[in-house]
Structures are given as C-alpha cells and as structure tokens.
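Subject: The structure, and some notes on it

Hi,

Here is the structure for you to look at. Have it open while you read, and my notes will follow below.

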Amino acid sequence: MDRLNERMDSDGSDLKPTATSAARIAGLASDGKHRFSKSQRESLVLLKGIGVEGDAHAGPFVRHRYLARRKPAMTNARQVHLIPVELLEALRAENCVLGPGDLGENVLTAGLDLESLPLGTILKLGAEAAIELTGLRTPCVLIDRFRTGLKRKLIMPDADRPAYRCGIMGVVPSGGRISVGDRIEIRFPPEPWRTLPAL
C-alpha cells in the first residue's frame with residue numbers, strides 16, 4: 001500500500017483517507033493519573049477491551065471525568081488517544097512548540113491522515129495489537145489552560161477537512177506490546193464509509 005487516496009460522500013464523501021507504507025509509531029505516552037499531559041514511554045501494553053495498561057483512561061467503562069460523573073456505565077469509546085506527528089509539525093510552523101504526550105495522547109503516529117480515516121478503521125500496531133477508531137477528539141477548555149490560544153488552532157474552518165485536528169480516539173480489539181518505531185497497518189471497514197463523529 002504505497003498510497004491511498006479515496007473520496008466519500010456526505011456520509012463520508014469529503015473524507016480522503018491517506019497513508020503510506022511507512023506509517024509508524026513516532027511516540028508513546030501514558031499516565032496513571034488524570035493530568036492533561038502524559039509522560040513519554042518507549043513501549044506500552046494495550047489490553048483488549050481496556051486500553052493502555054496503567055493509563056488513567058483505560059477501562060471498559062468511560063473514564064473521561066466529565067462523562068464518567070454523568071454516565072458511569074457508558075461504554076468507553078476513548079480507551080486510546082492518537083495524534084499525528086504531522087500536527088505537531090504544523091503547530092511548530094505556527095510558533096506553537098509541543099512535544100510527544102503534551103496534548104495527552106497515548107500514540108503519536110507518522111504517515112497517517114488520522115482525522116480523515118473512516119469510522120471503524122482498524123490500525124494494526126506492531127506484531128499483535130490493534131486499535132479500532134471511534135471518533136474525533138473534541139478540543140475542550142483544558143487545551144487553552146495548557147496553552148493559551150491553542151484551542152482555536154485545533155478547530156478547522158476548512159469544509160473539506162474534519163472539524164477538529166486534535167487527534168482521534170479508539171478502542172482496543174486486540175492487545176499486545178507496542179513500541180516506538182513499530183509499523184502501522186490500516187484495515188478499512190466495509191463500505192459505505194462514515195466519517196468519524198466528535199466524541
């Protein structure tokens with residue numbers, strides 16, 4: 001798979017999933033407490049149906065603090081947070097320098113247009129683990145508390161792009177250890193494709 005470039009219609013028509021055969025894990029991070037940023041790691045263990053071992057957002061039921069207070073029995077669709085390294089590079093060009101884990105992501109990817117992938121896409125990471133994409137991360141007020149003015153930079157006015165560019169959320173259908181540098185393979189869901197909803 002050297003290059004993917006596919007269009008979908010309004011149930012997915014403006015979506016252009018793209019990837020290269022060089023898609024890989026560029027960084028990893030986790031934190032056992034609910035803090036905005038996470039600490040960098042060389043490897044992580046993904047647990048089936050749970051998320052990142054030892055991470056505050058891991059679990060079968062919602063762990064997002066706001067949602068957990070209101071719907072504690074809600075299924076956790078936010079077990080793993082992924083961000084493309086290309087976002088950090090774009091922000092650096094806008095004089096906003098961020099490092100791996102700063103935005104609270106678990107997995108920093110390279111070579112994937114994450115936000116444009118369809119709902120239900122499976123990303124196979126390393127030899128065994130996989131993440132199924134469930135939605136777009138919605139930028140919240142905590143982003144501006146972390147870095148003033150950053151939330152505005154993560155909301156896209158371009159109608160040809162997803163509304164947000166602060167990463168995506170996913171669940172773990174297959175566990176295993178993943179490491180920085182591991183290859184990422186894409187498995188698209190059956191068509192018709194649907195765009196990732198905001199979570």
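Predicted model: local features only at pLDDT ≥ 70, side-chain atom pairs only at ≥ 80, totals over all residues.

Let's begin with a pocket. Pro84, Glu86, Leu87, Ala90, Leu112, Asp113, Leu114, Glu115, Met156, Arg161 and Arg165 form the lining of the second largest pocket. (On a 1 Å grid over the protein atoms alone, a pocket is an open set of points where a 1.4 Å probe fits, with protein on both sides within 12 Å along at least five of seven lines; lining residues have an atom within 4 Å of a point.) Helix α2, residues 85–93, supplies the largest share of this lining, 3 residues. By class, the lining of the second largest pocket has 6 nonpolar residues, 5 charged ones and no polar ones. (Nonpolar covers Ala, Val, Leu, Ile, Met, Phe, Trp, Tyr, Cys and Pro; charged covers Asp, Glu, Lys and Arg; the others, Gly among them, are polar.) The space in this second largest pocket is about 160 Å³, where a volume is the space filled by probe spheres set on the grid points, which are joined across faces, edges and corners.

Residues are numbered from 1 along each chain as its sequence is written, and side-chain values use heavy atoms, with hydrogens and water left out.

Now for the largest pocket, which has a volume of about 540 Å³. It is lined by 24 residues, and His57, His64, Arg78, Arg137 and Leu142 are the closest to its centre. Its lining divides into 9 nonpolar, 8 polar and 7 charged residues. α1 (65–70) and β5 each give at least two residues to that lining, and α1 gives the most, with 4.

On to the chain as a whole. You can count 4 helices and 11 strands in the protein chain. (These are DSSP runs numbered from the N terminus: helices are H or I with at least four residues, strands are E with at least two.) Of the 199 residues, 45% count as buried. (Buried means under 20% relative accessible area, exposed over 50%, and partly exposed in between, with a 1.4 Å probe and protein chains only.) The chain exposes about 9700 Å², and carbon and sulfur atoms supply 50% of that.

What about the inside? Val107, Leu123 and Ile178 touch the most other members of the largest nonpolar core, which has 24 residues. (Such a core is a set of buried Ala, Val, Leu, Ile, Met, Phe, Trp, Tyr and Cys residues joined through side-chain atoms within 4.5 Å.) Several strands give two or more residues to this core, including β1 (19–30), β6 (107–112) and β8 (129–136). β8 gives the most, with 4 residues. Apart from this core lies another, of 14 residues, among them Leu87, Leu103, Leu108 and Leu154.

Next, Tyr164, which you'll find in the loop between α4 (150–153) and β9. Is Tyr164 buried or partly exposed? Tyr164 counts as partly exposed because its relative accessibility is 22%. Beyond its neighbours within four places in sequence, Tyr164 has contacts that include Glu115, Leu136, Thr138 and Ala198. (Contact means heavy atoms within 4.5 Å.) Thr138 sits in the loop between β8 and α3 (141–146). Thr138 is partly exposed too, with a relative accessible area of 26%. The C-alpha atoms of Thr138 and Gly167 are 8.4 Å apart, although 29 residues separate them along the chain.

Most residues other than glycine have a negative phi, and most peptide bonds are trans. Asn95 is not a glycine, yet its phi is positive, at about 65°. Look for Asn95 in the loop between α2 and β6; Asn95 counts as exposed, at 74% relative accessibility. The bond joining Glu191 and Pro192 is a cis peptide bond, with omega about 5°. Pro192 belongs to the segment after β11.

Happy exploring!

Conventions:
Areas by Shrake-Rupley, 256 points an atom, 1.4 Å probe, with all protein chains shown as cover.
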